[in-house]
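Thanks for coming. I will talk through one structure, starting with its disulfides and then turning to its core and its aromatic rings.

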Amino acid sequence: MIRAGFALVSMLAIAVSAPDASAQGQAVAWSPGYAGACGKCDLSGRNLTGWDLTGGNYAGANFEYSFMRSIEAGNANFEQAKVTGADMRGAILTSAKLSGAILSNARLQGVRATGAEFRNATMQGTSLQGALLVGANFASSDMSSARLDTADLSGANMTGTWLNDGILTGAIFNGANMTGVSLNNARVDGASFKDVRFIDADLSHMAGVETADFTGACMSLSTRLPQELSLPLCSIPTLSPALIAAQ
């Protein structure tokens with residue numbers, strides 16, 4: 001039993017030390033993973049490239065400036081985590097929880113984060129070019145100056161999200177909930193906002209609206225538009241007689 005216990009401790013020591021060695025340029029020949037609980041762990045600056053963190057709990061953990069390219073972290077919990085400056089290019093974050101996380105200046109180009117939760121996240125200057133974010137929830141997140149070129153946010157929840165000064169060139173927001181969104185000074189060249197209801201939104205001073213697609217989009221009286229853009233007022237949804245009777 002003593003030898004077995006010593007062997008287990010040795011294996012854990014190797015697993016923990018491996019990221020440090022990689023961060024200094026030493027290649028790791030295997031792809032470790034940890035799907036357990038590591039809340040508030042300090043993994044800042046580590047090399048976790050290719051790790052499998054699927055379903056893991058990393059709430060409140062520190063990943064600042066870590067190398068996390070191509071990690072698999074579907075359904076993982078990163079709520080309140082610190083991910084400033086981390087390199088997460090190509091990561092799989094399907095249905096991951098990142099509410100309240102700090103992702104300022106993080107590199108998330110090409111991530112697959114369908115259905116992920118980013119509520120109340122801090123994402124100033126975050127790079128999300130080419131990301132798959134269909135149905136993701138960014139409600140009340142600060143995405144000022146973020147890069148979303150060619151990202152797909154169809155059906156995403158952008159309620160109360162700040163996208164001021166963002167680069168949204170070629171991005172897709174078809175059917176997204178953009179109630180209360182702020183797009184002041186954002187670039188939207190070639191972006192698609194089909195069927196979006198801009199209720200209480202601030203779209204003032206947007207650039208590139210001439211080439212953006214607003215087919216089926218509408219606005220409320222309180223919505224602010226750039227001079228180059230005109231949208232019809234949204235109709236008020238009406239309840240069917242059956243629903244009224246049910247109430």
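Disulfides, core and rings

Searching the whole structure turns up two disulfides. Keep in mind that this is a predicted model. Counting the bonded cysteines along the chain, the pattern is 1-2, 3-4.

Take the pair C38 and C41. Their sulfurs are 1.8 Å apart, and the two are joined as a disulfide. Is that link left-handed or right-handed? With -105° about the S-S bond, the link of C38 and C41 is left-handed. As for accessibility, C38 has a relative accessible area of 15%, so C38 is buried. C41 has 21% relative accessibility, and therefore counts as partly exposed. The cut-off behind those two labels is that buried means under 20% relative accessible area.

Now the other pair, C218 and C234. Here the S to S distance is 2.0 Å. The torsion about the S-S bond is about 100°, so the disulfide of C218 and C234 is right-handed. What does this pair tie together? C218 lies in strand β2, residues 218–219, while C234 lies in the loop between β2 and α2, so the bond ties together parts that are 16 residues apart in sequence. C218 is at 10% relative accessibility and counts as buried. C234, at 16%, counts as buried too.

Next, the core. The largest nonpolar core has 67 residues. Which residues have the most contacts inside it? They are F118, L133, M158 and F198.

Let us stay with F198 for a moment. Leaving aside neighbours within four places in sequence, F198 is in contact with a list of residues including M178, L183, F193, F214 and L231. C218, one of the disulfide cysteines, is also in contact with F198.

The whole structure holds eight aromatic pairs. In one of them, the rings of Y58 and F78 have centres 5.6 Å apart and planes at 15°, so this pair is stacked. Y58 and F78 are 20 residues apart, and each sits in the loop between α1 and β1. Both Y58 and F78 are buried.

F118, which we met in the core, pairs with F138. These rings are stacked, at 4.7 Å centre to centre with 5° between the planes. F118 and F138 lie in the loop between α1 and β1, 20 residues apart, and the pair links distant parts of the chain. F118 is buried, as is F138.

Technical notes. Residues numbered from 1 in each chain as written. Predicted model: local features only at pLDDT ≥ 70, side-chain atom pairs only at ≥ 80, totals over all residues. Heavy atoms only, no water. Disulfide = S-S within 2.5 Å. Buried < 20%, exposed > 50% of the residue type's maximum accessible area, 1.4 Å probe, protein only. Helix = DSSP H or I, 4+ residues; strand = E, 2+ residues; numbered from the N terminus. Core = buried A, V, L, I, M, F, W, Y, C linked by side-chain atoms within 4.5 Å. Contact = heavy atoms within 4.5 Å. Phe/Tyr/Trp six-rings, centres within 6.5 Å; stacked < 30°, edge-to-face > 60°.
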